[in-house]
Amino acid sequence: MEEAEEDQRRRLKLEEALEIQSLRRIISAYLNYPDAAEEDVRRNERSYRKLPPSHKALLSQYPQKFQRLRWCISMNTHFIFSMLQAFEPPLDMSQDADFSEDPHPESAQKDHLVSEGISACSCESAPVRITCSVSDQHCCVEGSNHTCRSQAQMHSNEEVGIESRHQSNTGNHSPRLIHTKETREYCGSPIADSKGNVPDTSSQQQWLAPSLKLNVPLVDADKVRCIIRNIVRDWAAEGKKERDQCYNPILEELNMLFPNRSKESMEFLKQSTCMFSSWCWTWSACPGDFMFSQGNEFSYYMMICSSFILNHSQTAGEWTIYPWIHSNCNSLSDSDQLRPVSIPDIHPASAGITEGFSMCGGDFVEVYSDSSQIGAWDAVVTCFFIDTAHNIVEYIEIISKILKDGGVWINLGPLLYHFADMYGQDDEMSIELSLEDVKRVAFHYGFEFENERTIETTYTANSRSMMQNRYFAAFWTMRKKSAAVQQQVP
């Protein structure tokens, strides 16, 4: 018994150390943003200096552009550092991530870093596609104009509480409960805000101390840039067209299927869906005209960012970011590339809904495989989500299990499998079905079609870019047949 308790203690200690290391790496990726961005500008300057004088004369505006880029980077950094200061880690970040008690620490660390997010990132360009899976699921190679897929989190006009499921045996570690606090302090060198004010740094959070900052690979820096682009889709007026293409069909379907639900709840859903890029929502009807909903998220990158916008935004348009500065390709003009974007386009508190909405942090399979979830939900909505699976068959099976008999599954998205072509990853599982096979599997698990069509949409697209990638996304509503009806089917 004592030996078993000691093994349990060691395992829990290892899990916490792994989670600290992973979260520290994600935070370091954010902290490294200004340095990585500055290096890009310097690279461009080095190329410019190699030009012959006659060519430089034709591009005399370039030195000024480089300085404008640095100013834009400083504004993005101001937003990022404000976000980090508002984040209160669920773990003691000053601890050393000690793996010495584990007999195979390298293996455990690799497993954790690969599976910290729901899936690998998926970035696509024309015609090249790049995927990666390190620590978190999303990356974006901005220099190649890749479109990025990522996720965010739910909110109300009070501070968001995030329920998490901590996995104990697999080496996967879900984010724990996240709390945030209001502060205007910064780490590192002071960054002036848009009014030129330099904030006080005297009481900065200790876990943001320079001594705890890690050097991270470039792929992690690319993930931060991808987050900035996703903010446009989720929280800016510029992203409204894209949001409407994806979310309006879903909300219209919910309104039709649940006509007695409160209009206020649905209006809030219309606004709250603005924070997601790839997401899964579950709905359960309650007595009266109330509907309880829960979102699922597993990325600390997105949780930190969305928690800040949801819980700390004071007004609409409070922040200004420059999301397109990291790519010089396919720009119509420098002013397009350097244009500002104000966020958020709505104040999160304006929806006026304070209950019935929650966010569950954890891997979709781990969270919703729990026996308490069986038959618990009236509806499941997946948007740009089902292709994040290692095993899409498992996703469909779980969706069927958690729905009540007669419950509906609404889906919108392509099949850009996030773990496809994962070169360099040993035995990375990726089941990549055609749409026809996805439907066949759904039929097997008791679903029948009620509505199906194709919706053309973009994904984190720069509306002023010369290159526009478009999806012809599958949209459907399926209903889960009752157990009795399923048994009658030959």
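User: Where does Asp-336 sit?
Analyst: This is a predicted model. In it, Asp-336 belongs to helix H10, residues 334-337.

User: Buried or exposed?
Analyst: Asp-336 is buried, because its relative accessible area is 12% and the cut-off for buried is under 20%.

User: What does Asp-336 touch, leaving out residues up to four places away in sequence?
Analyst: Trp-324 and Arg-464.

User: Switching to Glu-242. Which helix is that in?
Analyst: Glu-242 lies in helix H7, which covers residues 240-257. Its relative accessibility is 7%, so Glu-242 counts as buried.

User: And what is Glu-242 in contact with, beyond four places in sequence?
Analyst: Arg-233, plus Thr-457, Thr-458, Tyr-459, Thr-460 and Ala-461. The side chains of Glu-242 and Arg-233 are joined by a polar contact of 2.7 Å. As for Thr-458, 216 residues separate it from Glu-242 in sequence, but the C-alpha to C-alpha distance is 6.3 Å.

User: Now the nonpolar side. How many residues are in the largest core?
Analyst: The largest nonpolar core has 48 residues, and Tyr-30, Phe-79, Ile-80 and Leu-84 have the most contacts inside it. Elements that each supply at least two of its residues include helix H1 (2-31), helix H6 (218-235) and strand E10 (341-343).

User: Which element gives the most to this core?
Analyst: H4, with 11 residues.

User: What does Phe-79 touch, again not counting residues up to four places away?
Analyst: Ile-231, Cys-305, Phe-308, Ile-309, Trp-319, Ile-321 and Ile-343.

User: What is in the second core?
Analyst: That one is separate and has 29 residues, among them Phe-364, Ile-398, Trp-409 and Ala-420.

Conventions: Residues numbered from 1 in each chain as written. Predicted model: local features only at pLDDT ≥ 70, side-chain atom pairs only at ≥ 80, totals over all residues. Heavy atoms only, no water. Helix = DSSP H or I, 4+ residues; strand = E, 2+ residues; numbered from the N terminus. Buried < 20%, exposed > 50% of the residue type's maximum accessible area, 1.4 Å probe, protein only. Contact = heavy atoms within 4.5 Å. Core = buried A, V, L, I, M, F, W, Y, C linked by side-chain atoms within 4.5 Å. Polar contact = N/O pair within 3.5 Å; in protein donor to acceptor, adjacent residues only side chain to side chain.
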